[in-house]
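Student: I have a model to go through. Can we take it piece by piece?
Tutor: Ask away.

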Amino acid sequence: VASQGEPRPEGADEDASLVRALRSGDEGAFATLIDRYSATMLRVARGYVATQEAAEDVVQETWLGVLRGLDTFEERSTLKTWLFRILVNRARTRGEREARTRPFSALSGADAEPVVDPDRFEASGRWAGFWSTPPSSHSMPEQRILAREAGALLIAAIEHLPPSQQIVISLRDVQGLDSNEVCEMLDISEGNQRVLLHRARGKVRAALEGYIDARELS
Amino acid sequence: MIMQPSVRCEEFVADVTNWMEGALDADQRSLIEEHLSICPDCVRYVDQLRAALTVLRAASEPAPGPLRDALLAALRESRG
């Protein structure tokens with residue numbers, strides 16, 4: 001989970017070989033990259049612009065920009081970082097043209113809610129603040145963690161988050177970008193990023209807990 | 001008399017991302033880790049959080065079909 005200490009970002013070598021394939025016009029390489037990143041790109045863009053159609057335009061323009069810029073891409077950053085930087089810049093510009101409020105202009109009220117229902121902790125007495133209803137004790141087997149069903153459920157949970165949280169968790173935890181890259185890309189402080197990530201991860205964990213419990217009961 | 005941990009579970013949960021992100025100073029970190037060493041419920045909380053992150057990294061979301069088709073057509077066009 002920690003974002004520090006990785007000599008090469010995850011997937012970077014594979015991306016580099018896909019870039020080489022793409023430079024030689026390999027359609028399969030392009031399709032792989034489109035499938036790997038476009039759903040996240042749409043979700044991030046949608047946080048900045050007014051409609052799904054506008055978000056699709058931004059994603060399409062970004063990929064076309066990547067195709068045009070491939071020959072000058074010097075691989076100082078990973079393809080993924082480069083791609084999401086272009087995307088955020090385009091989405092931000094489009095959002096400004098639409099006079100939309102930026103997703104990070106202020107932390108909204110929803111961002112201030114606790115990540116676990118306060119009723120799950122003792123309210124008073126000597127043990128106030130300790131769990132009264134602790135996290136589910138059911139464990140989750142590895143094969144279930146990797147199940148398509150669990151992935152779809154947690155992605156759906158992300159889609160119910162406020163836009164600023166959706167953007168941060170999508171870049172950090174779905175795509176695995178590191179903290180510094182994301183702060184720079186989104187032009188937010190590390191502190192603000194952590195607050196948004198904390199809220200978002202809390203809700204995704206709650207969704208997983210609900211899923212584990214439902215599977216145990218069924 | 002049972003000794004209470006110096007960090008309560010509610011405080012642990014509030015600080016868990018700062019801890020996972022390496023954003024706590026040494027004193028705060030050792031208090032959080034001390035809590036974790038004696039609280040199986042908070043260990044489960046962290047385990048679920050980590051499992052959720054593993055699920056997200058493994059989740060596959062293919063691109064919407066029409067967007068994919070339009071982009072592949074653009075690639076073909078760019079190659080002439």
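Student: In which helix is the place of A:R92?
Tutor: Keep in mind that this is a predicted model. Look at residues 79–97 of chain A, which form one helix. A:R92 has its place there, in helix α4.

Student: Which side chain of opposite charge is nearest to A:R92, and how far away is it?
Tutor: A:R92 is buried, yet it has no salt bridge. A salt bridge needs a side-chain nitrogen within 4 Å of a carboxyl oxygen. The nearest side chain of opposite charge is A:E96, at 5.4 Å.

Student: Leaving aside neighbours within four places in sequence, which residues is A:R92 in contact with?
Tutor: Contact here means heavy atoms within 4.5 Å. With those neighbours set aside, the list is A:Y48, A:R102, A:M185, A:L186 and A:D187.

Student: Now chain B. At what angle do the axes of α2 and α3 cross?
Tutor: Helix α2 covers residues 26–38 of chain B, and helix α3 covers residues 40–58. Their axes come within 6 Å and cross at roughly 105 degrees. That makes α2(B) and α3(B) roughly perpendicular.

Student: How many nonpolar residues does the contact of α2(B) with α3(B) have?
Tutor: From α2(B) come B:H35, B:L36 and B:I38; they meet B:P40, B:C42, B:V43 and B:V46 of α3(B). By class, that contact has no charged residues and 1 polar residue. The nonpolar count is 6.

Student: Does "buried", "partly exposed" or "exposed" describe B:R50, and which is it?
Tutor: B:R50 is found in helix α3 of chain B. Its relative accessibility is 39%.

Note on methods: Residues numbered from 1 in each chain as written. Chains lettered and ligands numbered in written order. Predicted model: local features only at pLDDT ≥ 70, side-chain atom pairs only at ≥ 80, totals over all residues. Heavy atoms only, no water. Axes fitted to C-alpha atoms, helices over the stretch in contact; angles between N-to-C directions. Helix = DSSP H or I, 4+ residues; strand = E, 2+ residues; numbered from the N terminus. Parallel < 35°, antiparallel > 145°, perpendicular 65-115°, else oblique. Nonpolar A, V, L, I, M, F, W, Y, C, P; charged D, E, K, R; others polar. Buried < 20%, exposed > 50% of the residue type's maximum accessible area, 1.4 Å probe, protein only. Lys, Arg positive; Asp, Glu negative; His and termini not counted.
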